[in-house]
Amino acid sequence: MTLSTPGNPTMLDHTTIDQLRAMKLEGFASGLEEQLRQPNLHGMSFEERLALLVDREVHARSDRRQTRLLQKARLKYPRAAIEDVDGRAGRGIDRKAFMSLALSDWIGHGDTILLTGATGLGKTWLACALAQYACRRGHSALYLRVPRLAEELRVLHGSGGFGRWLLAVAKTDIVVLDDWGVANLDATTRGDLLEIIDDRAAVKATIITTQLPVEHWHAWIGDATIADAILDRLMQRVHRINLSGPSLRGPDLKASTRKIAKGSAADEASA
């Protein structure tokens with residue numbers, strides 16, 4: 001029987017690699033190819049080689065899962081990252097407290113994170129950074145822009161897909177509700193919004209960005225009973241971050257923002 005030598009894999013090696021790929025064990029197959037090119041191949045025991053190949057497959061699967069989670073999340077700023085958060089004085093962000101929150105088990109507790117402040121302060125960017133980090137940790141996320149939600153829900157109701165969509169959202173670890181309180185709610189959307197939030201109360205996490213103070217939510221929602229129900233569910237466990245300072249859209253701040261955000265800055269500057 002012909003044994004493989006470094007840099008000279010046998011036909012059996014090629015067949016094994018093909019079979020691994022057919023079974024969708026891409027990490028295992030790539031790792032085996034690399035091992036066969038290594039000069040110290042036969043210096044490792046079978047157990048050592050197997051452990052390295054299994055580790056390679058585990059990491060490959062983790063990378064693919066992260067990619068799928070980020071694609072499904074449909075984040076407005078998919079490159080936003082908590083490592084790039086701008087904690088300069090006057091923004092209303094305690095960077096140490098923010099990182100502590102991001103690294104905590106707020107998702108497992110089904111907490112709400114409420115990001116408030118005037119337009120242009122980076123609320124959406126921060127929400128996406130939190131969701132992006134959650135995806136990196138293996139959690140599912142979904143970004144929804146509330147002003148567009150009514151039209152999306154009408155389409156789902158019309159196609160008969162609302163029930164399936166609602167079930168999928170209920171299973172999602174984090175839902176980002178962006179621009180809460182910007183557009184008026186009709187009766188149908190108001191009820192649907194309660195359904196979305198009711199499924200998540202104290203079970204799944206929610207991030208809300210808004211310019212509208214909480215004391216004005218009743219007027220915006222437009223139905224006192226539904227408003228009470230929504231606030232009761234969202235405020236059970238809530239972390240509030242109130243942004244302040246000048247708009248990040250200002251021309252004098254764009255250059256420094258780009259430097260801090262390392263590639264995501266253009267997103268934050270236009271948030």
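Guide: Glutamate 151 counts as partly exposed, at 44% relative accessibility; buried means under 20% relative accessible area, exposed over 50%, and partly exposed in between (1.4 Å probe, protein chains only). This is a predicted model, in which local features need pLDDT of at least 70 and side-chain atom pairs count only at pLDDT 80 or more, while totals for chains, interfaces and linings use all residues. Residues are numbered from 1 along each chain as its sequence is written, and side-chain values use heavy atoms, leaving out hydrogens and water.

Visitor: With which residue does glutamate 151 form a salt bridge?

Guide: Side chains of opposite charge can pair when their charged atoms come close. The criterion is a side-chain nitrogen of Lys or Arg within 4 Å of a carboxyl oxygen of Asp or Glu. Here the partner of glutamate 151 is arginine 154, with the closest N and O atoms 3.0 Å apart. Both lie in helix α6 (residues 146–159), three residues apart, about one turn of the helix; helices (H or I, at least four residues) and strands (E, at least two) are DSSP runs, numbered from the N terminus.

Visitor: Which side chain meets arginine 154 in a salt bridge at 3.4 Å?

Guide: That of aspartate 186. This pair links distant parts of the chain, 32 residues apart: aspartate 186 is in the loop between β3 (174–180) and α8 (187–200), and arginine 154 in helix α6. Arginine 154 is partly exposed at 47%, as is aspartate 186 at 31%.

Visitor: How many salt bridges does a search of the whole structure find?

Guide: The search finds eight.
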